[in-house]
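I opened my notebook to get to know a new protein model. Here is what I looked up, entry by entry.

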Amino acid sequence: MEHLMNPLDLSVEEMDKMFDLATDIEHNPEKYRHICDGKRIATCFYEPSTRTRLSFESAMLNLGGQVIGFPDGGVSSAAKGESVADTIRVVSCFADICAMRHPKEGAPYVAAEHSSIPVINAGDGGHQHPTQTLTDLLTIRSMQGRLDNFTIGVCGDLKFGRTTHSLVNALARYEGVKFIFISPPELRIPDYITEMLETKGIEFSEVIRLEDRISELDVLYMTRVQRERFFNEDDYVRLKDFYILTTEKLKSAKESMLILHPLPRVNEIAVDVDSDPRAAYFKQVQYGVYVRMALILTLLGLAPEV
Ligand code: NCD
């Protein structure tokens, strides 16, 4: 693998190897402190981000490397009309690896085509977000002990939420994973995903009310309504508070259910849920750093055998 655009660029075996490496990093951070001495990551972000960008930067710093980049297209030469293809050619002269986020679907793919360094898709429009999926899977594997034979409820904006598209594609490759998609009809999971599940004979259902199915779930993946991808504000206002996970609703959920969220949270998880032992969304952020460290090492060809 030269670049990471989509979680399916990694085979299940390669993903499992990446998680083994991330887990070794978690337990033996000092072993990794200087592996990337002298290496640089460029974070080229054309769209807002807190976690993903800082997570890539922390990952490289934890490995002994350095960081350059821009947090906003408006402060880069994109504002002068430079193409992504030209920007990546330039960035290739300054850095050893690049993480790119862009509001346009496919922009990181264009970058990868013109790049002489590995490019990581850090989120492209409403399309894919492979490193969030690596984070989500590592969190499930670490906290639940396995990535097969469980039921996951994916709730919220399943139409525009790129994290959900990448997550379902990746989890559909593991044995016995059942999906319950919980969304308002306007924000349904795209047909290409349900068609993929049908073709593979994977069990899934689509419902509107979270309360109806919460008791069946081993993992609940909450998401934010993606305001920036709506065509009109009225629709956003109508749908934004469709789901609010409360301690009351959690009463019928399993004791062992994991609550995940890629963050940022807006209103979809009440703040008092944070102290419930099932809330794992802040731990998930920490797993994101370990798995990005593992990914950087793998793409730079520096990953040790673990
Ligand atoms: C997600 C994203 O950017 O798609 N955030 C993240 O990377 N953790 C989810 C979101 O913005 O809602």
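**Entry 1: what covers helix H1**

I began by asking what covers the buried residues of helix H1. In this predicted model, the cover includes helix H5 (130-144), helix H6 (162-171) and helix H11 (281-299). Next I wanted to know which residues of H1 are buried. I found Val12, Met15, Met18, Phe19, Leu21, Ala22, Asp24 and Ile25.

I also checked the length of H1, which has 16 residues (12-27). At 1.5 Å a residue, the helix should span 22 Å. Its end C-alpha atoms are 23 Å apart, so the two values agree.

**Entry 2**

I took a closer look at one pair. Strand S5 (residues 150-155) is joined to strand S6 (residues 177-182) by 6 bridges, in the parallel sense. For Gly153, the bridge partner in S6 is Ile180.

**Entry 3: Arg224**

Where does Arg224 sit? I found Arg224 in the loop between S8 and helix H9 (233-239). Is Arg224 buried or exposed? Its relative accessible area is 16%, and the limit for buried is under 20%, so Arg224 counts as buried.

I then looked at what is around this residue. The side chain of Arg224 makes a polar contact with the side chain of Glu228, at 3.0 Å. Leaving aside residues up to four places away in sequence, Arg224 touches Asp157, His261, Pro264, Val266 and Glu268.

How many residues of strand S3 (residues 97-102) are buried? I counted 6 of 6. Both faces of S3 are covered. On one side I noted Ile97, Ala99 and Arg101, and on the other Cys98, Met100 and His102.

Strand S1 (residues 40-45) pairs with S3 in the parallel sense, over 5 bridges. Within that pairing, Thr43 stands opposite Ala99. S3 also pairs with strand S4 (residues 119-124), again in the parallel sense, over 4 bridges. There, Met100 has Asn121 of S4 as its bridge partner.

**Entry 4: the cysteines**

My last question was how many disulfides the structure holds. I found 0. Cys44 is in no disulfide, and the nearest cysteine sulfur, that of Cys98, is 3.8 Å away. A disulfide needs the two sulfur atoms within 2.5 Å.

For Cys93, the closest cysteine sulfur is in Cys44, 12 Å away, which is too far for a bond.

I finished by comparing how these two cysteines are placed. Cys44 has 2% relative accessibility, so it counts as buried. Cys93 has a relative accessible area of 65%, and the limit for exposed is over 50%, so Cys93 counts as exposed.

Terms used:
Residues are numbered from 1 along each chain as its sequence is written. This is a predicted model: local features need pLDDT of at least 70, side-chain atom pairs count only at pLDDT 80 or more; totals for chains, interfaces and linings use all residues. Side-chain values use heavy atoms; hydrogens and water are left out. The expected span of a helix is 1.5 Å times one less than its number of residues. Buried means under 20% relative accessible area, exposed over 50%, partly exposed in between (1.4 Å probe, protein chains only). Contact means heavy atoms within 4.5 Å. Two strands pair if DSSP finds at least two bridges between them. A polar contact is a pair of N or O atoms within 3.5 Å; within protein, one must be able to donate a hydrogen and the other to accept it, and residues adjacent in sequence count only if both atoms are side-chain atoms.
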